[in-house]
Amino acid sequence: MTGPADNLRINSGRLWDSLMEMAKIGPGVKGGNNRQTLTDADREGRLLFQRWCEAAGCTMTVDSMGNMFARRAGADPSLPPVVLGSHLDTQPTGGKFDGVLGVLGGLEVIRTLNDLGLKTRHPIEVANWTNEEGTRFTPAMVASGVFAGAFTQDEVYAIRDREGRRFGEELKRIGFVGTEPVGQHPIKAYFELHIEQGPILEAEGCDVGVVTHGQGQRWFDIRLTGFESHAGTTPMPRRRDALLGAAKIVQAVNEIALAHAPHAVGTVGVLDPYPGSRNVIPGAVTMTVDFRHPDDAVLADMKARLEAALDKACAEGRLEREVSEVFYYPPVAFDPACVSAVRRAAERLGYKHRDIVSGAGHDACYIARVAPTAMIFCPCVDGISHNEEEDITPDWAAAGVNTLFHAAVETAEIVG
């Protein structure tokens, strides 16, 4: 399949201006963004994206999960679209590029096609997936998950945030319950551009990451229960210190990940002791565990090792435990043809590139269940993400979107 001419490039200045304009919505306290899903700021960002898409001649449809699809018509309207996308929602202390680059990069592909007067055989669409981050409504990526059949709409609508507000009610409040049934949107191929969120590409001087796989994930909620008592009068051998047990699990999680180097990672992101008084031995602790690896058998072994560590810590500390696996999805191998299209695009454009595995979860990991899918990574400074200091350069952004343009247009087939 022949791609666009080697000299075709997107308008990098316009792309950067759009990124900076979107970053004005939901500003953070340190220069980043706080545009959490289904908030007023999310609504404002969605409306700006919709205005830009309509100005570029696109039609917009929204499904019942609030997923947005902006379509540039193809020469044959009966054909399924090539979809480009990511998300506009952010972490509470998020950066200006996580997710947003993929959405506005997709819009820039359409704007560039308009500038060049090029028509594609297949329509090209830009998608904004709802609640990718999962910071306000857990778990992450639920809207693309419903689209792919991993969750039901009813169960996601019922999820509550920390203030008790339901997902479905908030989606309705911001006016983005669409009329299209979720999951009934055909896709020929899906390409997602995203910042790497890690240090590899920058460290190796690469312009583009060709993402071949996505790591699988297992998330656990754990509660350890001992007995709270006086810190000054309870002898050490008589204590049932839940926090001591939790500390052993933190250490075990680290050791489990190191045992499966180099791809495994393990994190305890939440550790909440009760009652939280300096002179009371903690009687209970709630905590989270996050395991990731691109091999499902390794993920299963990590889970088994966690169970063994919990058995040991509870026996030693005379503790009780409650464990629930709150999130799991298996590793993803992206579509070979789509991955090859990305690799050809990077080569055609002369970019230094390398194959890479995604350590983070992305909407692409769910969409890969229902459509041929690939991802493109852009370097980010020091690998920092989920932090307001997250940063990329205009040249990195342009390289990522140029690669996206060439891969997408090759797949959508130029007809004139």
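The following legends describe close-up views of a predicted model.

View 1. In an unreviewed entry, UniProt lists His 87, Asp 98 and His 194 under "binding site". These residues are spread over 108 residues of sequence, yet they cluster in space, with a largest C-alpha distance of 9.6 Å. From this set, Asp 98 belongs to the lining of the largest cavity.

**View 2. Surroundings of His 87.** The loop between strand 3 (82–86) and helix 3 (100–116) holds His 87. His 87 has a relative accessible area of 0%, so it is buried. Beyond four places in sequence, its contacts include Asp 98, Gly 99, Trp 129, Glu 132, Glu 133, His 194 and Asp 363. A polar atom of the His 87 side chain lies 3.0 Å from the backbone oxygen of Asp 89.

View 3. Strand 5 (residues 189–195) contains His 194. His 194 counts as buried because its relative accessibility is 1%, under the 20% cut-off. The side chains of His 194 and Asp 98 are joined by a polar contact of 2.9 Å. Leaving aside neighbours within four places in sequence, His 194 is also in contact with residues including Ser 86, His 87, Gly 99, His 362, Met 375 and Cys 378.

**View 4. The span annotated as a dimerisation domain.** UniProt, in an unreviewed entry, lists residues 216–317 as "domain: Peptidase M20 dimerisation". The span is 38% helix and 26% strand, and its end C-alpha atoms lie 32 Å apart.

Definitions and conventions
Residues numbered from 1 in each chain as written. Predicted model: local features only at pLDDT ≥ 70, side-chain atom pairs only at ≥ 80, totals over all residues. Heavy atoms only, no water. UniProt positions renumbered as here; feature names shortened; annotations may be inferred. Helix = DSSP H or I, 4+ residues; strand = E, 2+ residues; numbered from the N terminus. 1 Å grid on protein atoms, 1.4 Å probe; cavity = no way out; pocket = protein on both sides within 12 Å on 5 of 7 lines; lining within 4 Å. Buried < 20%, exposed > 50% of the residue type's maximum accessible area, 1.4 Å probe, protein only. Contact = heavy atoms within 4.5 Å. Polar contact = N/O pair within 3.5 Å; in protein donor to acceptor, adjacent residues only side chain to side chain.
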